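Colleague: I am new to this structure and would like to go through its sheet and its charged contacts with you. Could you show it first?

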Amino acid sequence: MKLLLILGLLPFVASQNPPGTAPTAAEILAENINGQTVHEFRGYYKREHSLIKPYLGSGADIPNWNIVGSTFISTNQIRLTADDQSKQGSLWNTQPVWSRDWELQVSFKVTGSTGDLFGDGMAIWYTSEPNHLGPVFGGKDYFRGLAVFLDTYSNHNGPHQHGHPFISAMVSDGSLHYDHDKDGTHTQLGGENTGCTAKFRNKDHDTQLLIRYVGDTLSIFTDIENKGIWNLCMSVNNVQLPTGYYFGMSAATGDLSDAHDVVSVKMFEQEFAHVERVGEADRRNVVPHAQFTASPRDHTDDARPSRLGWGGTIALVVVGIIVLVGGLGFGVIYFQKKNERQRKRFY
């Protein structure tokens, strides 16, 4: 009934927008989730793509999931990385996703030492090549598919439009490089400023994240403060993703570290009436693509800071001032002596 009501309102909503800016049905449905309870589930629960406690089956394996790298599994815990330096771990669904439209709800925790410096972060994947460790938050660079990044450390030395931790997304056809030094802003889905700051570290409760791909619109919602309400983080339409890819979660630490835990994963198949484009009847052959992204740019190094640091720079300035004052003093004395010698020659 709610779905019919929303779709019935679509012509009215469209009439309130300027030509060319009318929201799609998928965008209206996504906006309707904003402010709704996290306990309301839509669609059909897909057990083969989901993961809840207790995690382990009859043996030491998790049914339908592979563990890779530093990931530690027990009956009641999945830890992608411990709070140690230079770790990479991931968890991958072994079943390909044949649903065109879906919602993925991930519950997680990120904990570590207090302070302003921590890293590196997590990623949630829908990709053609699972089970690979790599430099992108523990996952593969030049991937093919979708990645949602939960970036806890700011590598970008230039001016920022947001704080960290920051949630963003990227769609790649396998040819794009994730530039860590620029925090991925060169290839960010929706443009450089699309995403949201999310202070999810060191919470006493689990953080909820909802990734919704329905009607070629990708929307991300969060519940950071454990209020049980979805808050819209970002939404981008005209996103093309094929079927037959795999879900996964990964995390990495560097010189700075956090513990990254996956608490639960729940996937729901969604129903949506599509108008198929020519050549898209078989979604397995669709090339991952997004119409609205930051334009790919070559990496350019930021100006390198002084190796001396603040203390060394201040010391160097002080020495320079002393040399300058000494030089001026020597010059004054020199000219005074010279003038005295010239006066003596006239007596």
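Modeller: Two strands pair if DSSP finds at least two bridges between them, and strands (E, at least two residues), like helices (H or I, at least four residues), are DSSP runs numbered from the N terminus. This is a predicted model, in which local features need pLDDT of at least 70 and side-chain atom pairs count only at pLDDT 80 or more, while totals for chains, interfaces and linings use all residues. Residues are numbered from 1 along each chain as its sequence is written, and side-chain values use heavy atoms, with hydrogens and water left out.

Colleague: How many bridges join strand β9 to β10?

Modeller: Strands of a sheet pair through backbone hydrogen bonds, either parallel or antiparallel. Strand β9, residues 166-173, and β10 run antiparallel, and I167 has C196 in β10 as its bridge partner. The number of bridges that join β9 to β10 is two.

Colleague: Which strands stand at the edges of the open sheet?

Modeller: The open sheet is formed by seven strands with antiparallel pairing, in the order β2-β5-β15-β7-β8-β9-β10. Each edge strand has a single partner strand, so one side of it is left without a neighbour in the sheet. The strands at the edges are β2 (65-69) and β10 (196-197).

Colleague: How many salt bridges does the count come to?

Modeller: A salt bridge is defined here as a side-chain nitrogen of Lys or Arg within 4 Å of a carboxyl oxygen of Asp or Glu. Among those found, R42, E103 and R212 are linked in a network. By this rule the count comes to nine.

Colleague: How many residues apart in sequence are the parts that D261 and R79 tie together?

Modeller: The side chains of D261 and R79 meet in a salt bridge, with 2.7 Å from N to O. D261 is buried at a relative accessible area of 11%, whereas R79 is partly exposed at 24%; buried means under 20%, exposed over 50% and partly exposed in between, with a 1.4 Å probe and protein chains only. Because D261 lies in strand β16 (residues 259-269) and R79 in strand β4 (residues 77-81), the parts that the pair ties together are apart in sequence by 182 residues.

Colleague: Are R100 and D216 buried or exposed?

Modeller: The side chains of R100 and D216 meet in a salt bridge, at 3.5 Å from N to O. The pair links distant parts of the chain, with R100 in the loop between β5 and β6 and D216 in the loop between β11 and β12, 116 residues apart. As for accessibility, R100 and D216 are both buried.
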